Amino acid sequence: MPRERLQKALARAGMASRRGSEELISRGRVTVNGRIASLGDRVDPASDEVTVDGHQVPLNPELRYFAINKPVGVVSTLSDPQGRTDLTTLLPKEPRVFPVGRLDYESEGLLLVTNDGELANRITHPRYGVEKEYLAEVEGLPSTKHESKLRAGLDLEDGPARVLRVRAMSSSRGKGALRLVMGEGRKREVRRLLAAVGLPVTRLVRLRVGPINLGQTAPGEVRELSPMEIRALYEAAGL
């Protein structure tokens, strides 16, 4: 990849305007491969590590980041041996990107996809604590006792699990809903936790991954993340 002026690369990544990027460089807030940058520096966006105020800036234009509102009935993979509908029906053919974690076949909501392997690993690994928020509609009426049990944690078949935060929503006709924040995302973990406290899930929607919200993204819709959102994800993942 050809080298380009540092301020141009920063502006393309959404850090600031070209002039604003020059000011960041002049103030010594930008480093290139660990060295304080100077005006006139050129960088290779694919290989040089650039930081602003100590935070890495994703410069490589070949790295892409998308958010999908995965509908029910779509598997969170790029192929399915059972012939079910997979993510290739929603994603552009190029560039080749991969799902960051998974959502169950019966679940819906926010799913990130990218070809940035390091970021994807940090989002999914519980060590980095990138939050995932869900809305769960359940059979039964959630109570403060349910909330306490979920926060305290339960022993599932693959080890202890708990929610970071939980709040019961309005309920009617013997059915309720909760908003839950998790620090990890094991297979069907939210469903198993709620079943263990006597609240079987009837609908599960992921609303947020780290700083990225589902927002108004329609079911089946794919949108590319903005540079600001990508930077926020990097910060949330400790990159």
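A residue counts as buried when its relative accessible area is under 20%, as exposed when it is over 50%, and as partly exposed in between. This scale is needed at several stops of the tour, which concerns a predicted model.

**The whole chain**

Begin with the entire protein chain in view. The chain contains 6 helices and 17 strands. Its C-alpha atoms fill a box of roughly 65 × 40 × 30 Å along the principal axes. Of the 239 residues, 46% are buried. Next, colour the charged side chains. There are 38 positive and 31 negative ones, and the centres of these two sets lie 3 Å apart. Contacts also deserve attention: among those between residues at least 6 apart in sequence, 62% join residues at least 24 apart.

**Two residues with positive phi**

Most residues other than glycine have a negative phi. Select R188, in the loop between β14 (175-182) and α5 (189-196). R188 is not a glycine, yet its phi is positive, near 55°. Is R188 buried, exposed or partly exposed? Its relative accessibility is 32%, a value that lies between the cut-offs of 20% and 50%, and therefore R188 counts as partly exposed.

Move to N33, in the loop between β2 (30-32) and β3 (35-36). N33 likewise is not a glycine and has a positive phi, of about 55°. With a relative accessible area of 48%, N33 is partly exposed.

β2 and β3 run antiparallel and are joined by 2 bridges. To see one of the pairs, select V32 together with R35, its bridge partner in β3. Both strands belong to an open sheet of 4 strands in the order β3-β2-β5-β6, with antiparallel pairing. Which strands stand at the edges of this sheet? They are β3 and β6 (55-56); each has a single partner strand, so one side of each is left without a neighbour in the sheet. Strands of a sheet pair through backbone hydrogen bonds.

**A cis peptide bond**

Most peptide bonds are trans. Select E94 and P95 to find a cis bond, with omega of about -5°. P95 sits in the loop between β7 (65-70) and β8 (98-99).

**The nonpolar cores**

Next, select L87, L150, L178, L180, L193 and L194. These residues touch the most other members of the largest nonpolar core, which has 29 residues. At least two residues of this core come from each of β7, β9 (108-114), β10 (132-139), β11 (154-156), β14, α5 and β15 (201-209). Centre the view on L178. Leaving aside neighbours within four places in sequence, its contacts include Y134, L135, A136, V138, P142, L150 and L194. V166, R167, A168, M169 and L199 are also among the contacts of L178.

Finally, select helix α6, residues 227-236. Which residues of α6 are buried? They are E229, I230, R231, L233 and Y234. The tour ends at G238, which follows α6 and has a positive phi near 75°.

Key:
Residues numbered from 1 in each chain as written. Predicted model: local features only at pLDDT ≥ 70, side-chain atom pairs only at ≥ 80, totals over all residues. Heavy atoms only, no water. Buried < 20%, exposed > 50% of the residue type's maximum accessible area, 1.4 Å probe, protein only. Contact = heavy atoms within 4.5 Å. Lys, Arg positive; Asp, Glu negative; His and termini not counted. Charge placed at Lys NZ, Arg CZ, Asp CG, Glu CD. Pairing = 2+ DSSP bridges. Core = buried A, V, L, I, M, F, W, Y, C linked by side-chain atoms within 4.5 Å.
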